[in-house]
Amino acid sequence: MNLDMEARLSMEQDLRRALRNNEFELYYQPQVDLRTGKIVSAEALLRWHHPERGLVQPDAFIPVAEDSGLIVAIGRWVIRTASQQAKSIQKSLRQNVKIAVNVSARQLNDPDFVEEFTLVVRETRLDPRCLELEITETTLMADTDLVLNRLSRLRTLGVHLAVDDFGTGYSSLSILKRLPVDSLKVDRSFVEGLPDDEEDRAITSLVVAMGRSLNYRVVVEGVETAEQVAFLSVCGCHFAQGFYFSKPLSAAELMKVLFERQQSPEASLLPDAGDRWPLHSPPPPIPGPWPPH
């Protein structure tokens, strides 16, 4: 226990130094329209260039940042940096690109969050519609009235809102329909077994159908194979992201990819015809007690 406590205190001190010394960097993973194969947005992913440990993934330090409250300052840096880089891409390519940023419960509970976010948007002169804030189901359920108030104020600015890791929390449909959100991001845990796992097929199909019926933009994370892409297209999923399309990219790499796509507008990231699940053919039926129609 003492060793664990010492390690956490050391990590917290390193995080404070990282903020002072600008050791953080944002990478971006593109989101692709499954109807056209075009890149429509990108999720900002935080990385830490530790002077001794090298590149540190967020799973290794975000829990400490959450517990210590440093996530508020780090999140503030993420939003400002993502806004600045989105504006830079916009100026260089004369093209708007939507950037999705994760927002933690600690950030959303900060009474100054909305005002600080508004200030960042004004200072960077970025159209708020070019930003999407991703909030997990757990955060949404923590204090519904407070969350609804904050989200409604953000929505009035024009910013897009998404429920992240959808399907892993405990949100009820009665609350979900009250939330002023635009997108549902289906958690990657439901995608890993596609298209072979019957339960994953059933759950993913139902979540996508529900999202579409509620007029939400449906995004699926963790897509890694052409078979998964084809199944999700058949399901009616709108957008997807994952290593099948692209690894996380630095801001410079993202700008290069967007520039190349701009020069070749016919280019598509969808799988070629002839893959295991044809895009215009129905998937195998989902097992159930009902007779097939």
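A cavity is a set of points, on a 1 Å grid over the protein atoms alone, where a 1.4 Å probe fits but cannot get out; lining residues have an atom within 4 Å of a point. Grid points are joined across faces, edges and corners, and a volume is the space filled by probe spheres set on the points.

The structure is a predicted model, in which local features need pLDDT of at least 70 and side-chain atom pairs count only at pLDDT 80 or more, while totals for chains, interfaces and linings use all residues. Residues are numbered from 1 along each chain as its sequence is written, and side-chain values use heavy atoms, with hydrogens and water left out.

**View 1. The largest cavity and its lining.** The largest cavity has a volume of about 80 Å³. A search of the whole structure returns one cavity of 30 Å³ or more. The largest cavity is lined by Val72, Gly75, Arg76, Ile79, Gln107, Asp110, Phe113, Glu116, Phe117 and Val120. H3 and helix H5 (113-124) each contribute at least two lining residues. Helices (H or I, at least four residues) and strands (E, at least two) are DSSP runs, numbered from the N terminus.

**View 2. The largest nonpolar core.** Such a core is a set of buried Ala, Val, Leu, Ile, Met, Phe, Trp, Tyr and Cys residues joined through side-chain atoms within 4.5 Å; buried means under 20% relative accessible area (1.4 Å probe, protein chains only). The largest core has 80 residues, and Leu15, Phe24 and Tyr28 are among those with the most contacts inside it. Helix H3 (residues 71-93) gives the largest share of this core, ten residues. Not counting residues up to four places away in sequence, Leu15 touches Phe24, Trp48, Phe61, Val64, Ala65, Leu70 and Ile74 (contact: heavy atoms within 4.5 Å).

**View 3. Helix H9 and its ends.** The end C-alpha atoms of H9 are 22 Å apart, in agreement with the 22 Å that its 16 residues should span at 1.5 Å a residue; the expected span is 1.5 Å times one less than the number of residues. Asp197 caps the N-terminal end of H9, with a side-chain oxygen 3.0 Å from the backbone nitrogen of Glu199. Asn215, which follows H9, has a positive phi near 65°. Strand S6 (160-166), strand S7 (183-186), strand S8 (217-220) and helix H10 (226-235) are included in what covers the buried residues of H9.

**View 4. Thr204 within H9.** Thr204 lies in helix H9 (residues 198-213) and is buried, with a relative accessible area of 1%. A polar atom of the Thr204 side chain is 2.8 Å from the backbone oxygen of Asp200. Leaving aside neighbours within four places in sequence, Thr204 is in contact with Phe190, Leu194 and Leu232.

Key:
Buried means under 20% relative accessible area, exposed over 50%, partly exposed in between (1.4 Å probe, protein chains only). A polar contact is a pair of N or O atoms within 3.5 Å; within protein, one must be able to donate a hydrogen and the other to accept it, and residues adjacent in sequence count only if both atoms are side-chain atoms. On a 1 Å grid over the protein atoms alone, a cavity is a set of points where a 1.4 Å probe fits but cannot get out, and a pocket is an open set with protein on both sides within 12 Å along at least five of seven lines; lining residues have an atom within 4 Å of a point.
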